[in-house]
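Hi everyone, thanks for coming. Please have a look at the structure on the screen, and then I'll walk you through it.

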Amino acid sequence: MFSNLFVFRGRAAPMVELFVGIGAAVLVIAAWEATARSGIIAPQFLPSPTKVVAALWTMLTGQNLVWHVAVSTARVWLAFLLAAAMAIPIGILMSSYRIIGAALEPMIDFIRYLPVPALVPLSIIWFGVGEETKVFLLWLGTFFQLVLLVADDMRRVPQEFVEVARTVGANSRQVMTDVALRWMGPTLIDNLRITLGWCWTYLIIAEIVAADSGIGYVIWTARRFVKTPEVMAGVVVIGLIGLVTDQLLRLLHRRLFRYL
């Protein structure tokens, strides 16, 4: 069973891979615990996993962590859905019609290289310090990356598929819906999964803008008082949310595209 793990593109063995993944995680946590207990690194910089878990329990029972998680999740998903709703049609049109691609791609390439933290002052000037600024910063870190990924997916649709569809009488709308979207579906879901992860990475930046709720706010507040276990507990929570979300999206991908 384990031999396939060492073969180039060996057959998938989900249970074996799950066992290996859990084992690797246990080894990393054990090494972390041993390093923290050895005193090589001061606990202010690297608290042990047991202290992080204790801090997490305290945050869950006495600091409304579940509420903060819910607020952050709502912000991320709102920004991500807005980005996806805009990026998917724009990306498809950019690759389908040269005039749209020629007009938009240079501007999108320019904006996507701008660091999001540098745009925080402008965001505050434009939207103030309310929820709009937080959602805008999350959207900003997602949309311009996703739109180019969607455009590349559309660009990779084989031209012979389009020509065959035209030959049998398909119009532009039918080519788009029955050929292009079906072909790019698997990679589109993968790109959405990847960019959702990017959206979470901008959460701290978004929630330090006059926030009084959210995981980013909790982490930033703990940092001010050098509560390293709480900082790491907040980071662990974000990682766990990302892990669960990613696995659910992978499961959705397998269910939708069983033929892959």
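This is a predicted model: local features need pLDDT of at least 70, side-chain atom pairs count only at pLDDT 80 or more; totals for chains, interfaces and linings use all residues.

Residues are numbered from 1 along each chain as its sequence is written, and side-chain values use heavy atoms, with hydrogens and water left out.

So, how many helices and strands does the chain have? There are 11 helices and 0 strands, where a helix is a DSSP run of H or I with at least four residues, a strand is a run of E with at least two, and numbering goes from the N terminus. The C-alpha trace spans about 70 × 60 × 30 Å along its principal axes.

Of the chain's 260 residues, 37% count as buried; buried means under 20% relative accessible area, exposed means over 50%, and partly exposed is in between, with a 1.4 Å probe and protein chains only. Among contacts (heavy atoms within 4.5 Å) with a separation of 6 or more, 69% join residues 24 or more positions apart.

Next, helix α4, residues 98-112. Its 15 residues reach 20 Å from first C-alpha to last, close to the 21 Å expected at 1.5 Å a residue; that expected span is 1.5 Å times one less than the number of residues. At Leu104, α4 bends by about 35°, the bend being the angle between axes fitted to the seven residues ending there and the seven starting there. A proline, Pro106, follows within four residues.

Why does Thr133 count as buried? Because its relative accessibility is 0%. Leaving aside neighbours within four places in sequence, Thr133 is in contact with Ser123, Ile124, Phe127, Gly128 and Val209.

Our other residue is Ser213, and you'll find it in the loop between α9 (203-207) and α10 (215-224). Ser213 counts as buried because its relative accessibility is 8%. Not counting residues up to four places away in sequence, Ser213 touches Trp67, His68, Val71, Arg75 and Glu207.
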